[in-house]
Amino acid sequence: MKIAFIGLGNMGAPMAANLAAAGHDIAGFDVAGASAPGVAPAPSAVEAVRGAEVVITMLPNGAILRAVAAEVIPAMSSGAVLLDCSTVDVQSAREVAEQAQAAGLGALDAPVSGGIGGAAAGTLTFMVGGGDAAFATARPLFEIMGQKAVHCGPSGNGQAAKICNNMILGVTMIATCEAFALADKLGLSRAAMFDVVSTSSGYSWSMNAYCPAPGVGPTSPADNGYKPGFAAELMLKDLGLAQQAAEAADADTPMGARALELYRTFVEDESGRGKDFSAMLPRFETRGR
Ligand code: NAD
């Protein structure tokens, strides 16, 4: 397939490289001049998308996605699919899809989970919003870049699934970290805490698969000095998108709102920037009531 890939950053570069390695013809563009193995560099986004059957974007946020979409949609071939894999607000995803559809294009929002490791290994999970025909066109590409693609409904629903999932993740990570800090102060060993909770009703992905306490549970960023992994500032971004969506939809999300406040304080006022989001545990450890 002839594919354009716009945004060759930490995630986009390995995703584009995997598509190229599978034999697809990829033209790439990144405003910072980034490139990826097997990807032919294009001089601009508009040049990259000419003649492409699928245009993939992997960009930092909704404002940049809107700007890039406005630029490339008029240059895309009729019937081509605009496949956005960035994590952006639901509103931007829906508006970009409407513009693409009005121009005779297919459109999908397909944010991912799995991080940089999953992008490199081709084991991402895609949460996809958009029409059936566009989903069918993109399916073979999802199979190369990932291990699973869930079609969640119409445009915007992929982003909705992503932020709901990550709101749960932010809340459960904080709950897991504060419980470990309380257990420390009550004289419970971390090994005992892990053994009980990971097999009791407090279990979660945060405890069982990504334990924030070093030395217990499976290897996680906690065992590597809290080097990300999934950086606290990316969790902050996703919690902000969740609150933006909750406000627009008039949904009551008190735990999500509190998790956003805590990650904002951690990233902006404490030393959380550049650390894994599970570094909430050493933060709680040093604090009293
Ligand atoms: P990144 O900052 O490494 O990459 C973004 C790239 O987009 C950069 O190389 C930047 O130069 C490029 N870019 C910015 N504006 C552009 C423009 N106008 N035209 C062309 N290129 C432009 O970010 P990333 O970690 O690759 O994340 C990309 C997206 O994936 C984000 O939306 C992020 O939230 C999401 N995401 C990231 C992770 C992760 O672990 N890094 C996990 C899941 C989802």
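Start by selecting Gly229, which sits in the loop between helix 9 (205-208) and helix 10. Helices here are DSSP runs of H or I with at least four residues, strands are runs of E with at least two, and both are numbered from the N terminus. The model is predicted, so local features need pLDDT of at least 70 and side-chain atom pairs count only at pLDDT 80 or more, while totals for chains, interfaces and linings use all residues. Residues are numbered from 1 along each chain as its sequence is written, and side-chain values use heavy atoms, with hydrogens and water left out.

Stay in this loop. Show the backbone between Pro228 and Gly229: the peptide bond joining them is cis, with omega of about 15°. Next select Tyr226, also in the loop between helix 9 and helix 10. Tyr226 is a residue other than glycine with a positive phi, near 65°.

At Asn10, a polar backbone atom is 2.9 Å from a ligand oxygen. At Thr87, a backbone N or O atom lies 3.0 Å from a ligand oxygen. At Lys237, a side-chain N or O atom is 2.9 Å from an oxygen of the ligand. On its own the ligand has 840 Å² of accessible area (Shrake-Rupley method, 1.4 Å probe), and the protein covers 82% of that.

Finish with the aromatic rings, where pairs have ring centres within 6.5 Å, and planes under 30 degrees apart count as stacked, over 60 as edge-to-face and the rest as tilted. The count comes to 5 aromatic pairs. Select Phe126 and Phe142, a tilted pair at 4.7 Å centre to centre with 40° between the planes. Phe126 is in strand 8 (residues 124-130) and Phe142 in helix 6 (residues 132-145), 16 residues apart.

How values were computed
Polar contact = N/O pair within 3.5 Å; in protein donor to acceptor, adjacent residues only side chain to side chain. Phe/Tyr/Trp six-rings, centres within 6.5 Å; stacked < 30°, edge-to-face > 60°.
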